[in-house]
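Here is a set of questions and answers about one protein model. Keep the structure open as you read.

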Amino acid sequence: MPNSSSPPVLYTFPEVPQLQNSLANFILKAQTDAIAKRGSFTIALSGGSLPNNLKPLVGLEGIQWDKWQVFFADERIVPLDHEDSNYAACAKAFLDHVPIPREQVHAINTELFAESTLKDPTADPADQDASENEAIEIADEYEKQLVTCFASQGNAARYPTFDLILLGMGPDGHTCSLFPGHALLSDSDRWVAEILDSPKPPKRRITFTYQVLNHAFRCAFVAAGEGKQDTLSKILDQPEEGLPCSRVRPASPGLVFWFVDDAAAAKVKYPKTVFKWINETEMDASDDLVSEERKKMKTEMDAAVKAAS
Ligand SMILES: O=C1O[C@H](COP(=O)(O)O)[C@@H](O)[C@H](O)[C@H]1O
């Protein structure tokens with residue numbers, strides 16, 4: 001694990017819509033910086049609750065979709081139109097509604113799927129070895145997609161350096177498909193690995209390893225709701241517990257951000273940047289305050305993003 005990394009930056013918002021709008025602006029800023037510096041924007045997405053939080057990206061002014069290269073930080077080994085597919089969730093939430101060239105959205109190669117996977121993707125495999133080989137092949141091919149994309153952008157380094165990786169936090173502290181106590185937590189060779197025994201269904205998946213996560217310019221977690229309180233507090237207040245989310249600490253100059261709502265942050269003692277976003281009704285009443293709050297948020301985000309660039 002890298003030893004030179006900045007502590008996570010925690011942003012809290014009273015309600016989810018404010019979190020989502022701020023996240024969209026944060027992504028826009030990350031995109032604009034990346035395009036100015038490197039001519040393109042490399043982003044990885046997660047599944048679970050994350051895709052729905054990206055809906056405000058649709059129609060957001062300033063997004064240069066033709067410059068985006070989109071990957072998935074983890075993916076379930078199911079067809080791309082399956083209800084468990086992270087690709088399908090992101091497509092439904094926003095990718096299908098924006099003018100991004102299809103070849104710039106990098107999904108797993110379903111042509112590598114065995115007949116049995118196509119027929120019943122979430123069934124327990126009859127032949128364990130064949131199932132493992134299939135998953136390894138899918139993970140390796142996805143790693144090749146990463147290599148090809150980053151090499152074509154002049155980034156042929158030992159690791160891909162994503163401009164932004166968007167992550168979720170499972171109730172057990174997992175992120176991507178990196179689960180507490182799993183051997184994959186210490187996989188130090190590969191960029192993309194298979195997992196055949198995910199404790200959360202479906203069992204068979206592929207996932208970025210920490211080799212990718214901890215070489216990104218920015219990782220941003222998104223977590224909302226009371227159900228996430230205890231885990232979030234454990235991750236931020238007791239990082240020594242080593243939950244998978246706590247281990248996401250990109251090497252300098254990389255940064256980790258957390259976008260959470262007040263409900264999720266209720267038990268956290270870790271220092272917060274609190275955004276008292278003013279809603280539309282209150283905006284009329286105290287426009288100066290609105291401007292101040294917005295200005296403060298922008299200044300803080302700009303400073304944090306600049307530090308990571
Ligand atoms: O299984 C997964 O879970 C995590 C967390 O999901 P959430 O619904 O608790 O936000 C998600 O980030 C990951 O991509 C997904 O495959």
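Two strands pair if DSSP finds at least two bridges between them. Helices (H or I, at least four residues) and strands (E, at least two) are DSSP runs, numbered from the N terminus. This is a predicted model, where local features need pLDDT of at least 70, side-chain atom pairs count only at pLDDT 80 or more, and totals for chains, interfaces and linings use all residues. Residues are numbered from 1 along each chain as its sequence is written.

Q: How many helices and strands are there in the protein chain?
A: Both kinds of element are present in the protein chain. The count is nine helices and ten strands.

Q: How many bridges join β6 to strand β7?
A: Strand β7 covers residues 205-208 and runs antiparallel to β6. The number of bridges joining β6 to β7 is four.

Q: What is the order of the open sheet of three strands, and why is one side of β4 and of β6 left without a neighbour?
A: The pairing in this sheet is antiparallel, and the order is β4-β7-β6. β4 (74-76) and β6 (192-195) stand at the edges. One side of each has no neighbour in the sheet because each has a single partner strand.

Q: By what angle are neighbouring strands of this sheet turned against each other on average?
A: Axes are lines fitted to C-alpha atoms, for helices over the stretch in contact, and angles run from 0 to 180 degrees between N-to-C directions. For this average, direction is ignored. The value is 15°.

Q: Which helix packs on the sheet, touching β6 and β7?
A: Two residues are in contact if their C-beta atoms, placed from the backbone, lie within 7 Å. The helix covers residues 128-152, and its direction makes about 160° with that of β6. It is helix α4.

Q: Is Asp 129 buried or exposed?
A: Asp 129 is found in helix α4. A residue is buried if 20 or more other C-beta atoms lie within 10 Å of its own, exposed if 12 or fewer, and partly exposed in between, with C-beta atoms placed from the backbone. Asp 129 has 8 C-beta neighbours inside 10 Å, so it counts as exposed.

Q: Is Gln 31 buried or exposed?
A: Gln 31 is found in helix α1. Not counting residues up to four places away in sequence, it touches Phe 41, Ile 63 and Gln 64. Gln 31 has 24 C-beta neighbours inside 10 Å, so it counts as buried.

Q: How far apart in space are Gln 31 and Thr 42?
A: In sequence, Gln 31 and Thr 42 are eleven residues apart. In space, C-alpha to C-alpha, the distance is 8.3 Å.

Q: How many bridges join strand β2 to β3?
A: β2 covers residues 41-45 and runs parallel to β3. Phe 41 has Trp 68 as its bridge partner in β3. Ile 43 has Val 70 as its bridge partner in β3. The number of bridges is five.

Q: Which residue is the bridge partner of Ala 44 in β5?
A: Strand β5 covers residues 164-168, and it pairs with β2 in the parallel sense over two bridges. Ile 43 has Leu 164 as its bridge partner in β5. For Ala 44, the partner is Ile 165.

Q: Why is β2 largely enclosed by the rest of the structure?
A: Phe 41, Ile 43 and Leu 45 point one way from β2, and Thr 42 and Ala 44 point the other way. β2 is largely enclosed because, of its five residues, the number buried is five.
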